[in-house]
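Biologist: Please take me through one part of this model closely, with its charged pairs and its packing. Give each cut-off where you use it.

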Amino acid sequence: MSRYGGEHMADEGLSRRRLLTAGAVLGAAPLAPAAADTLTGRGPPWQANATAEPDAPKGGTDYIFFTGPEHAFVEAAASRMIPKDDLGPGAIEAGVPLFIDRQLAGDFGKASDWYMQGPWAKGEKTQGYQSRFTPAQMYRAAIPAINDAANHQHKGDFSALKVADQDAFLKGLEKGDIQLSGGVDAAAFFKMFLQNVIEGYFSDPLYGGNRDMVGWKLIGFPGARYDQRAYVKTYGQPYPLPPVGVMGRPDWNRG
């Protein structure tokens, strides 16, 4: 992203939300190596019910991973990534912080299926994530370091800064211009955080984000509807049905 703050980008004819939604449409992830090996016959044979089932968030809307200062940062920063505007709800309304909280409290936060044994030499940009921190450790180390840096620059935690200062600070993180304590790579954390915000806005509501399917409605994604045959050849026409999640729709009466 080149700039922050919806008010700064209005005169450019391009909003942060449009950049994020474009990334969601174009940024489909490739198969993980294990899945690719299984499909191509080089890995272990496929077995029914062998993968982890989706785990819906438990505990209502209370945070189970983030501490007070941590969720204050996540809420403030996520709301600058995807602010509420004339296109619809933002990251806060969509439950993105709750999504990230639950992911960090689970297998993603533990990097359960990642190789995390080193060596720890600084990698190239083309090599992807290279930190010795698991995602949970990265967030836990980065947020206090960010607040320390914000206090040094502006005499306040990130969440207490003015919107313009928050935007400038996020830009500094993205470019790696802000030095963080504790061995945290600012640019690496920003990249992970931005990815998690996008995931939270467009994931299945089962995982706590995309509340009321606002992300899917924004881009016209039908969700988990099983039969699209009636609409395959309706070229150039908007999809007429509301999206459906893995758990169905809240307005359905299950009896």
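Modeller: Asp-177 is exposed, because its relative accessible area is 53%, and exposed here means over 50%, buried under 20% and partly exposed in between (1.4 Å probe, protein chains only). The side chain of Asp-177 meets that of Lys-175 in a salt bridge, with 3.7 Å from N to O. The term salt bridge is used for a side-chain nitrogen of Lys or Arg within 4 Å of a carboxyl oxygen of Asp or Glu. Lys-175 also counts as exposed, since its relative accessible area is 54%.

Before going on, the basis of these values. The model is predicted, so local features are given only at pLDDT of at least 70 and side-chain atom pairs only at pLDDT 80 or more, whereas totals for chains, interfaces and linings use all residues. Residues are numbered from 1 along each chain as its sequence is written, and side-chain values rest on heavy atoms, with hydrogens and water left out.

Helix α8 covers residues 163-175. Helices (H or I, at least four residues) and strands (E, at least two) are DSSP runs, numbered from the N terminus. Lys-171 is partly exposed, as its relative accessible area is 23%. Glu-174 falls into that class too, because its relative accessibility is 22%.

In general, side chains of opposite charge can pair when their charged atoms come close. The count of salt bridges by this rule is six.

Arg-80 and Asp-167 also belong to the packing of the two helices. From α4, Ala-76, Ala-77 and Arg-80 meet Val-163, Gln-166, Asp-167 and Leu-170 of α8, where a contact means heavy atoms within 4.5 Å. Two packed helices are described by the angle between their axes and the distance between the axes. The axes of α4 and α8 come within 10 Å and cross at roughly 85 degrees. This makes α4 roughly perpendicular to α8, because angles of 65 to 115 degrees fall in that class, those under 35 count as roughly parallel, those over 145 as roughly antiparallel and the rest as oblique. The axes are lines fitted to C-alpha atoms, for helices over the stretch in contact, and angles run from 0 to 180 degrees between N-to-C directions.

Gln-153 lies in helix α7 (residues 135-154). Gln-153 is partly exposed, because its relative accessible area is 46%. Leaving aside neighbours within four places in sequence, Gln-153 is in contact with Phe-169 and Ile-178. Gln-153 and Phe-169 are 16 residues apart in sequence, and their C-alpha atoms are 9.4 Å apart in space. The side chain of Gln-153 is also joined to that of His-154 by a polar contact of 3.5 Å. A polar contact is a pair of N or O atoms within 3.5 Å; within protein, one must be able to donate a hydrogen and the other to accept it, and residues adjacent in sequence count only if both atoms are side-chain atoms.

As for the setting, the protein has ten helices and zero strands. Buried residues make up 36% of its 255 residues. Of the contacts between residues at least 6 apart in sequence, 63% join residues at least 24 apart. The accessible surface is about 15,200 Å², and 55% of it belongs to carbon and sulfur atoms. These areas come from the Shrake-Rupley method with a 1.4 Å probe; for residues, only the protein chains shown count as cover.
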